[in-house]
Amino acid sequence: MSSTHIALALLAAKFVYPPAQATDWALVSLGAIAPDFDAGGGMITRPSQWIPGLPRLFGRALDGTTKLVSQATREIAGHRGPLHYPIIALGLWLAATFADLPWLRYIAFGYAAHILADALTRAGVPLWGPFSRRDVGFLPRSLRIRTGSATERLLGGVVWGYLGFSLYQVLRQGFNAQELLTNGSAKIQQLLARAMRYLQ
Ligand SMILES: [Zn+2]
């Protein structure tokens with residue numbers, strides 16, 4: 001599920017490769033849902049959900065077109081096909097490094113986190129693609145999570161809860177209602193800056 005992928009990628013980023021700005025967190029999220037473009041559905045096929053400010057009609061047309069292309073990709077390449085090759089995440093990372101595109105590195109990070117998370121599921125991922133299309137899972141079969149199962153939902157919920165709670169704690173540290181009333185926007189900016197620092 002897209003939301004679980006985003007939660008896990010953000011959690012990994014928080015500890016392993018902390019983004020500097022809010023937009024970077026968004027890029028990690030985008031990378032985290034991108035590989036499932038070969039699934040023919042999910043958040044990545046509904047861009048109007050994550051591109052703010054699109055005119056409604058245009059958003060619908062864009063969603064429809066994206067979904068069609070995604071379904072065609074599924075037909076041709078198969079779900080968890082080439083878009084789930086770890087080598088693609090590596091390629092994105094190398095391209096970002098050589099072309100000096102920091103934003104692409106965040107997408108590559110999210111992309112890699114997605115493939116890693118899929119490797120914990122029952123179906124596994126084509127770890128050695130394109131050299132072998134055999135699906136590999138990282139956990140013993142009995143511990144592998146089934147996509148869309150209650151366990152996956154629970155895992156996603158716990159991680160989202162943790163992310164929300166850490167953000168709340170950061171914001172609470174500097175929260176003072178009286179001061180907020182007298183010096184509103186400056187205070188809010190300060191709190192957000194503190195939150196960003198923490199998440200780094
Ligand atoms: Zn996937």
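Start by selecting H4 and H5: H4 passes H5 in a left-handed crossing, meaning that the near helix is turned anticlockwise from the far one by less than a right angle (clockwise would be right-handed). Helices here are DSSP runs of H or I with at least four residues, strands are runs of E with at least two, and both are numbered from the N terminus.

This is a predicted model, in which local features need pLDDT of at least 70, side-chain atom pairs count only at pLDDT 80 or more, and totals for chains, interfaces and linings use all residues. Residues are numbered from 1 along each chain as its sequence is written.

Helix H4 covers residues 86-98 and helix H5 residues 102-118; they pack at an angle of about 165 degrees, with their axes 8 Å apart. Axes are lines fitted to C-alpha atoms over the stretch in contact, and angles run from 0 to 180 degrees between N-to-C directions. H4 and H5 are therefore roughly antiparallel, the word for angles over 145 degrees.

Next, colour the residues that make this contact, including Leu 92 and Trp 93 of H4 and Ile 107 and Tyr 111 of H5. Two residues are in contact if their C-beta atoms, placed from the backbone, lie within 7 Å. The contact residues divide into 13 nonpolar, no polar and one charged. Nonpolar covers Ala, Val, Leu, Ile, Met, Phe, Trp, Tyr, Cys and Pro; charged covers Asp, Glu, Lys and Arg; the others, Gly among them, are polar.

Now for the inside. Which residues have the most contacts within the largest nonpolar core? They are Ala 9, Val 28 and Tyr 111, in a core of 27 residues. Such a core is a set of buried Ala, Val, Leu, Ile, Met, Phe, Trp, Tyr and Cys residues joined through C-beta atoms within 7 Å. Helix H1 (2-16), helix H2 (22-33), H4 and H5 each supply at least two residues of this core, and H5 gives the most, with nine.

Click on Phe 109, found in helix H5. With 25 C-beta neighbours inside 10 Å, Phe 109 counts as buried (the cut-off is 20 or more). Leaving aside neighbours within four places in sequence, Phe 109 is in contact with Ala 13, Tyr 17, Val 28 and Gly 31.

Finally, zoom out: the chain has eight helices and zero strands, and buried residues make up 26% of its 200 residues.

Key
Parallel < 35°, antiparallel > 145°, perpendicular 65-115°, else oblique. Buried ≥ 20, exposed ≤ 12 C-beta atoms within 10 Å, placed from the backbone.
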